[in-house]
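Here is a look at how side chains meet in one protein model. Have the picture open while you read.

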Amino acid sequence: MYNFTDTKEKGSVLLPEEAINVDGFFLDREITGFSTLTIDGRESLGVSMDDYVIPRSNGIKIRNKALKERVLVVHYAINTKDTEEFYSSMKKLKKHLYKEKSLKIFFNDEPNLYYEGHLRAINPPENNYIKSTGSFEIICPMPYKYHFNTKKSITNKAKANIDSNMPIKVRMLKIDNLTSSGTSMTIQIGTYQMKFTSLPSTIGKNLVIDFERLAVSLGGQVITSNLDILSDFGNIRISDEDVVYCSLLNNTSKIILDVEEYDL
């Protein structure tokens, strides 16, 4: 059983430490009488393993392993003046939580990281329908805490500083000003390499490579067809200390990467 506290002060709502934000809205501010209490699952991590036993051998052998989905359980209090206000607040809660697209969720005490998930259940209130406690469950198919700030500025031919012990996805590469002229160009991210040929004028132009849309533009002109057919385009990953390189840049120029950086 939870104690109720009045979080209202002069028309504003004081946010609890773990207040939940869904798609840019703090529920504590959006829903009358709603107050976030505690969250389960933020620091949990499940691993599925495919193991087998070798006869006359100790222990087991691990063949494959993968991270399981994450489940967040949000415990909340609802403190309304009457049943009409209660049902109105619950209607708003359902509207914020049940959507076709995935929800982007973060918590007040960790504003730089977010989860992506879907509503799995809104559990029945635990006592009466005016002043009550309840919970809802969010299932995150990928168990990651994604970083809001995903831009990495890397000096040409320098090593990337990536806060991850695993290779992570590169969404986009941007160069604001190519410093050299040439009809061919090589882009390298770690072991991944892309080669372009028969390019138009390059010097002073911006380069944008969108790895999610499989599109490349140079000074606003689409040059995707100039990409060598053997180049790796749709599966770019970057690891900590991978070297990032563009053949049409000097060694002081910057390359901007938008990466899918996350914590576990």
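Predicted model: local features only at pLDDT ≥ 70, side-chain atom pairs only at ≥ 80, totals over all residues.

Residues are numbered from 1 along each chain as its sequence is written, and side-chain values use heavy atoms, with hydrogens and water left out.

**Rings**

A search of the whole structure turns up 14 aromatic pairs. Rings of Phe, Tyr and Trp (its six-membered ring) pair if their centres lie within 6.5 Å; planes under 30 degrees apart are stacked, over 60 edge-to-face, and the rest tilted. Phe86 pairs with Tyr87: the centres are 5.4 Å apart and the planes are at 75 degrees, so this one is edge-to-face. Phe106 and Phe148 are edge-to-face too, at 5.7 Å centre to centre and 90 degrees between the planes. Phe106 lies in strand β9 (residues 103-107) and Phe148 in the loop between β12 (145-147) and β13 (151-155), so their pairing ties together parts that are 42 residues apart in sequence. Strands here are DSSP runs (E, at least two residues), numbered from the N terminus. Phe106 is buried, with a relative accessible area of 15%, while Phe148 is partly exposed at 37%.

Both belong to one aromatic cluster, along with Phe26, Tyr114, Tyr144, Tyr146 and Tyr262.

**Salt bridges**

How many salt bridges does the structure hold? There are 15, each being a side-chain nitrogen of Lys or Arg within 4 Å of a carboxyl oxygen of Asp or Glu. Here are some of them.

| Pair | N to O distance |
|---|---|
| Arg63 and Asp50 | 3.0 Å |
| Lys169 and Glu212 | 3.3 Å |
| Glu212 and Arg171 | 4.0 Å |

Arg63 in strand β7 (residues 61-67) and Asp50 in strand β6 (residues 47-52) are 13 residues apart. Arg63 is partly exposed at 48%, and Asp50 is partly exposed at 32%.

Glu212 sits in the loop between β18 (207-210) and β19 (215-218), 43 residues from Lys169 in strand β15 (residues 168-175). Arg171 is in strand β15 as well, so its bridge to Glu212 ties together parts 41 residues apart in sequence. Glu212 is partly exposed at 47% and so is Lys169 at 28%, but Arg171 is buried at 16%. Elsewhere, Glu18, Arg42, Glu43, Asp109, Glu110 and Lys145 are linked in a network of salt bridges.

**Nonpolar cores**

A nonpolar core is a set of buried Ala, Val, Leu, Ile, Met, Phe, Trp, Tyr and Cys residues joined through side-chain atoms within 4.5 Å. The largest has 39 residues, and those with the most contacts inside it include Leu173, Phe196 and Ile238. Among the strands that each supply at least two of its residues are β15, β18 and β19, and β15 gives the largest share, four residues. Leaving aside neighbours within four places in sequence, Ile238 is in contact (heavy atoms within 4.5 Å) with residues including Ala160, Met166, Val244 and Leu257. A second, separate core of 21 residues includes Leu27, Ile39, Ile78 and Phe136.

Methods
Buried < 20%, exposed > 50% of the residue type's maximum accessible area, 1.4 Å probe, protein only.
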